[in-house]
Amino acid sequence: MSVDVETAVGRRPGPAGKWLTSLAAAGFAVVVVTVTAQTIDKFHWWAGFILVPGALIAASGGPLLVRGGGRAFVGYLLACVGGLVFAVGAMLMFGVIAKGWPFMITLPALAIAGTYYWRSADPLPRAFHRTVAMLALNTAALGVTFLLLVNDVLDFGDTGWWGGFMMVGGAIILGNGLELLRHRIVYRAQAVTLAVGPAVIAFLLGLRFLRDWPF
């Protein structure tokens, strides 16, 4: 006796079902933020004009994201842009933009880092993309550090602490450049040379700021 798998486990939602699910999730997010803001007496109703469009933009990316292929990348971009707009609307509704602005550094950086899923099979563009993604993660960490500083969780005093992030960025560029040495590709030496130059400059500048050297 044959058994229809889709009948047994339930049919997968079609395109309309995916859109409805995505819109429902967006609506739920808007309701949660709005109700929470009203509960803690931080409700700024006009922020809804930013919050709702952001949720709808993000929702439009959801169905494309799950379809795979090139459409998934477009869906990812829409979801990231919508999520960023939604985050701005949420901060405005809660009235915490003065303390939460570092999120505008961290969230776009994480969105860029997330594109590494669509990496190239060719070693050279893959190394470049990996470098960009890792630099984006470093930038996201910078945003988190700013967030902690703004909210008085950290205090580095007069130290040029941002130099540490510049040094990490230089190390990322150098490491990904040297990684190309293990691949037999055209222009390998030129690509490594182009990576080493900026890496050394970024590292030395970061060290200069971190150690507060006068030169």
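Me: Why is D41 called exposed?

Reply: The relative accessible area of D41 is 69%. Exposed means over 50%, buried under 20%, and partly exposed in between (1.4 Å probe, protein chains only). So D41 counts as exposed. This is a predicted model, where local features need pLDDT of at least 70, side-chain atom pairs count only at pLDDT 80 or more, and totals for chains, interfaces and linings use all residues. Residues are numbered from 1 along each chain as its sequence is written, and side-chain values use heavy atoms, with hydrogens and water left out.

Me: What makes the backbone of D41 worth a remark, and where does D41 sit?

Reply: Phi of D41 is near 60°. That is a positive value in a residue other than glycine. D41 sits in the loop between helix 2 (15-39) and helix 3 (48-65). Helices here are DSSP runs (H or I, at least four residues), numbered from the N terminus.

Me: Which value of phi does D152 have, and where is D152?

Reply: D152 has a positive phi of about 60°, although D152 is not a glycine. D152 lies in the loop between helix 7 (123-150) and helix 8 (162-179).

Me: How do you know whether D152 is buried or exposed?

Reply: D152 has 64% relative accessibility. The cut-off for exposed is over 50%, so D152 counts as exposed.

Me: What makes D152, D155, D158 and D212 a patch?

Reply: These residues form a negative surface patch. Patch members have over 30% relative accessible area and no salt bridge; like charges are joined within 9 Å, and nonpolar side chains (Val, Leu, Ile, Met, Phe, Trp, Tyr) within 5 Å. Asp counts as negative. D158 is in the loop between helix 7 and helix 8. At 84% relative accessibility, D158 is exposed.

Me: What is the nonpolar patch made of?

Reply: V144, L148, V153, L154 and F156 form it on the surface, with about 370 Å² of accessible area together. V144 is in helix 7. The relative accessible area of V144 is 40%, so V144 is partly exposed.

Me: Why does the pair E179 and R130 count as a salt bridge?

Reply: A salt bridge is a side-chain nitrogen of Lys or Arg within 4 Å of a carboxyl oxygen of Asp or Glu. For E179 and R130 the N to O distance is 2.8 Å. So the pair counts as a salt bridge. E179 lies in helix 8 and R130 in helix 7, so the pair ties together parts that are 49 residues apart in sequence.

Me: How many salt bridges does the whole structure hold, and what links R130, E179 and R182?

Reply: A search of the whole structure finds two salt bridges. R182 forms a salt bridge with E179, the closest N and O atoms being 2.8 Å apart. R130, E179 and R182 are linked in a network of salt bridges.

Me: Buried or exposed: what are R130 and R182?

Reply: R130 has a relative accessible area of 18%, so R130 is buried. R182 is at 63%, so R182 is exposed. Leaving aside neighbours within four places in sequence, R130 is in contact (heavy atoms within 4.5 Å) with Y116, N176 and E179.

Me: What is the nearest side chain of opposite charge to R126?

Reply: E179 is, at 5.6 Å. R126 is buried yet has no salt bridge. R126 is found in helix 7. Beyond four places in sequence, R126 is in contact with Y116, R119, S120, A121 and H183.

Me: How do you know whether A72 is buried or exposed?

Reply: A72 has a relative accessible area of 5%. Under 20% means buried, so A72 is buried. A72 lies in helix 4 (residues 69-94). Not counting residues up to four places away in sequence, A72 touches L64, L65 and W118. A72 and W118 are 46 residues apart in sequence and 9.6 Å apart in space, C-alpha to C-alpha.

Me: Why is L181 called partly exposed?

Reply: The relative accessible area of L181 is 47%. That falls between the 20% and 50% cut-offs, so L181 is partly exposed. L181 is in the loop between helix 8 and helix 9 (188-211). Not counting residues up to four places away in sequence, L181 touches R188 and V192.

Notes: Helices (H or I, at least four residues) and strands (E, at least two) are DSSP runs, numbered from the N terminus. Accessible areas come from the Shrake-Rupley method with a 1.4 Å probe; for residues, only the protein chains shown count as cover. The place of a charge is taken as NZ of Lys, CZ of Arg, CG of Asp or CD of Glu.
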